[in-house]
Amino acid sequence: MPRSVLGGQLPRETRDTWFLLAVIGWIVLLQTPYLPAWCSAMALAVLAWRAWLAARSRPLPAWPWRLALLLGALGGVWASHRTLLGQDAGVTLIVVLLALKTLELRARRDAFVVFFLGFFTLLTHFFHSQSLLTALGIVLALLGLLSALVNAHMPVGRPPLWHSVRLAAGMALLGAPVMVVLFLLFPRFAPLWGIPADGPLGRSGLSGEMQVGQIAQLAQDDSIALRVEFEAGRRPPQQALYFRGPVLSQFDGVQWRPRHSGRGSTRSAAAPGWAVEGEPVRYRLTMEPSQRPWVLTLELTPELPALGQKTAYLTPDLQWQVPRPLTDTLRFDALAYPQHRHGPVARELSLQADLDLPPGFNPRTLQLAQDLQRQLGPDASAQDYVDAVLQRLRTGGYRYTLEPGVYGRHTADEFWFDRQQGFCEHIASSFVVLMRALDIPARVVTGYQGGTLNPVDGVWTVRQSDAHAWAEVWATGRGWVRVDPTAHVMPSRTDTVQRLRPPPGLLAGTIVRFNPTLLAQLRAVWEASNNRWNQWVLNYTQTRQFDLLRQLGVSAPDWTDLVRLLAGAVALFGLGGGLWIWLSRPRQDPWLRLLQQTRQRLQRHGLTLPAHATPRQMAAALDGSLPAHSAWQAWLLDLEAWRYDPHLRDPQTAPSLHPLRARWRRLPALGPTTPHP
């Protein structure tokens, strides 16, 4: 390794190259969770190789090497995505190309290509996440790229990197007002990063189908599903926080599926089908992107406001949906009625689908239903059977667990008679099967239940681990009634919202042992900050833009008002920038200006002087034959001393130039002069 590297003094070219490679490495690390493993490994290996070449002052690889790497990267992209087009394949390819381009980093032109390719790669992060943490990582990478760009324009020598970073940060701060104005006024359209992902899997903890083990696996996911804000003092009790998702009525012995898949209605609360009682609960709900068409609402929410460009509709099962999957954060205000009734009050043909059971499944559960019918008699009501089954759950040794094991063909039989343990989906499914065997219409409802109150901002946070499944049972005169059998197996699941959680990791466990409440406090602060980011930035929609225009006095705003206001703001910024440039234009040194005026004055009296004559040369050009010459010579020598005397140059002791200028005005007029030989 070169002596300069061992001695800690890197050549400027090596230092600048390492800095740029570090910034690109950070950009690649931000993308690593969403890239194939080979892509991240290849990109980081290429960057490390390029850093080694810079440290050793070795030549860059020839074009056959670069071509081989490019073909290998194309083959890897094709093997991973089966295409070279599309969102995921495109991002993978651009990350590899960004790393490979550093192997051509010879001239400033190549560096500029890397800079702007890096800027473009930063934008692709928003395809996957728009969270506050992602934004902070991108801001850090952006500052690094700007610093490297500034450093590339620095003159020869070895300017410190910190100077480039400070200059880049200053330019970013100067551009911040323009960025804020563009954010507030640029017409809002569907975001580029709202394009649906290529993969079929979403982030939601729910699915259109329910199979044993599905929700149990998601109980370990602590990512946030939605946030809810209630009016002060009007939050429902914790056990009433049920957020309704897909309703599953069809059962084939293995999976539960919804019966209604088409568009529903948008009836008002007064329409037939439901009735509400008591005072409503006003709430504001913010849903994270789920890649699903479901709008989770607090039961019962009969109406929803306009959701931007999305039109929500209500299915006959009282589930809110939108035509397309939700690919961005959704926020709305609504009213919920915890006390309500829905569904037919008298038995009708439409309830038959909620009685169907597949033949050949769960024979012991069917026998249990017959035993209960003989035990309670022919006059027993649906509520009597529900109470009897819930009593069995409370006293029969049934257990709520995160790891119930893999169930076989007869899932209800295994739960009621063999395992006697399970997660909410096992309990709800087995309960509904038994209710149908008792000739009672029943169905499974999935969604979220409970949540956690953030003490920092008072927002109720609902996580993927709060995903839940419960039952609805139909009763004559009452319609559909919610029954949560899990609450009778483990009451703390809904009363105090306790969750079965996996043990904490090494770092989290260390923090908990050091301070049991520190981890929860840090988590609350971070989630409150992330919620503000969602509310103020990600949820700044066209509706909120128009609200801003109304506050500015526009009575009926539309996108043309936004364009006019934006054009005016840009023009104002342009005039301000031009004025600032004019005021900060390079100005002539006052000492040089006074020297130039002196030269012109002497030349008007016949004295011939070089264009760049110094004060001492001007004094020597005077012959000293006249008294006025001596005064001029003394003044010129004082002018030179003011400029070059180190003591006078001290900014704490240097006299002002004004006395010299005043003496210059009082200098005597010169007569005809004879140049000094």
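How many residues does helix 8 have, and what distance does helix 8 reach from its first C-alpha to its last? Select residues 161-185 in this predicted model, and you will have helix 8, whose 25 residues reach 36 Å from the first C-alpha to the last, close to the 36 Å expected at 1.5 Å a residue.

Keep helix 8 selected and move along to Ala 176, where there is a kink of about 40°, placed shortly before the proline Pro 177. If you then show side chains in helix 8, you can pick out Ser 164, Val 165, Ala 168, Val 181 and Leu 185, which are buried.

Next, select residues 210-211, 250-251 and 255-257, which are strand 1, strand 4 and strand 5. Together these three strands form an open sheet in the order 1-5-4, with antiparallel pairing, and strand 1 and strand 4 are its edge strands, each pairing on one side only. Between strand 1 and strand 5 there are two bridges, and zooming in on this pair shows Gln 211 standing opposite Gln 255 of strand 5.

Finally, zoom out to the whole chain of 677 residues, of which 44% count as buried, and colour it by secondary structure to find its 24 helices and 20 strands.

Terms used: Residues are numbered from 1 along each chain as its sequence is written. This is a predicted model: local features need pLDDT of at least 70, side-chain atom pairs count only at pLDDT 80 or more; totals for chains, interfaces and linings use all residues. Side-chain values use heavy atoms; hydrogens and water are left out. Two strands pair if DSSP finds at least two bridges between them. Helices (H or I, at least four residues) and strands (E, at least two) are DSSP runs, numbered from the N terminus. The expected span of a helix is 1.5 Å times one less than its number of residues. The bend at a residue is the angle between axes fitted to the seven residues ending there and the seven starting there. Buried means under 20% relative accessible area, exposed over 50%, partly exposed in between (1.4 Å probe, protein chains only).
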